[in-house]
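Please keep the viewer open while you read.

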Amino acid sequence: VQLQASGGGLVQAGGSLSLSCAASLTDFTINRMGWYRLAPRNTRELVATITMSGETNYANSVKGRFTISRDNPDNTITLRMNSLKPEDTNVYYCNLEGWDGLDYRYRHYWGQGTLVTVSS
């Protein structure tokens, strides 16, 4: 499984950006994909996730501003971020989870981080 993230960059407060993540995989069944960002103590906090059936989950801090969508055939997700705030400045990581077709284990994979900077 490989994840290729794109998007991000610098935007003024109130502006918009989009992040995309494309998964390349074989012998794997995706359950959920999403975006996380760095949190204190070197952890990652959920920003938004979407299952392959379309169920979404958002952090309270981004509800109403961010929208996650998916393109199942291409195993791609997009996070549209509107009304960005300086506190959204962070490194965003794409995440994929699901079942390995070879050993049936449930696995998580991370893409490279992409920086989002929101200036005030």
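The report below covers the disulfide and then a sheet.

This is a predicted model, in which local features need pLDDT of at least 70, side-chain atom pairs count only at pLDDT 80 or more, and totals for chains, interfaces and linings use all residues. Residues are numbered from 1 along each chain as its sequence is written, and side-chain values use heavy atoms, with hydrogens and water left out.

Let's begin with the cysteines. The structure holds 1 disulfide, a term for a pair of cysteine sulfur atoms within 2.5 Å. Cys-21 and Cys-94 form this bond, with an S to S distance of 2.0 Å. The torsion about their S-S bond is about -85°, so the disulfide is left-handed. The two cysteines sit 73 residues apart and tie together distant parts of the chain. Strands here are DSSP runs (E, at least two residues), numbered from the N terminus.

| Cysteine | Strand | Residues of the strand |
|---|---|---|
| Cys-21 | β3 | residues 17-24 |
| Cys-94 | β9 | residues 90-100 |

Both cysteines, Cys-21 and Cys-94, are buried, that is, under 20% relative accessible area with a 1.4 Å probe, protein chains only.

Strand β3 also belongs to an open sheet of 4 strands, ordered β1-β3-β8-β7 with antiparallel pairing. Two strands pair if DSSP finds at least two bridges between them. At the edges lie β1 (2-7) and β7 (66-71), each pairing on one side only. From one strand to the next, the twist averages 15°, using axes fitted to C-alpha atoms and angles from 0 to 180 degrees between N-to-C directions. β1 and β3 are joined by 6 bridges in the antiparallel sense; Gln-4 has Ala-22 in β3 as its bridge partner.

Notes. Buried means under 20% relative accessible area, exposed over 50%, partly exposed in between (1.4 Å probe, protein chains only).
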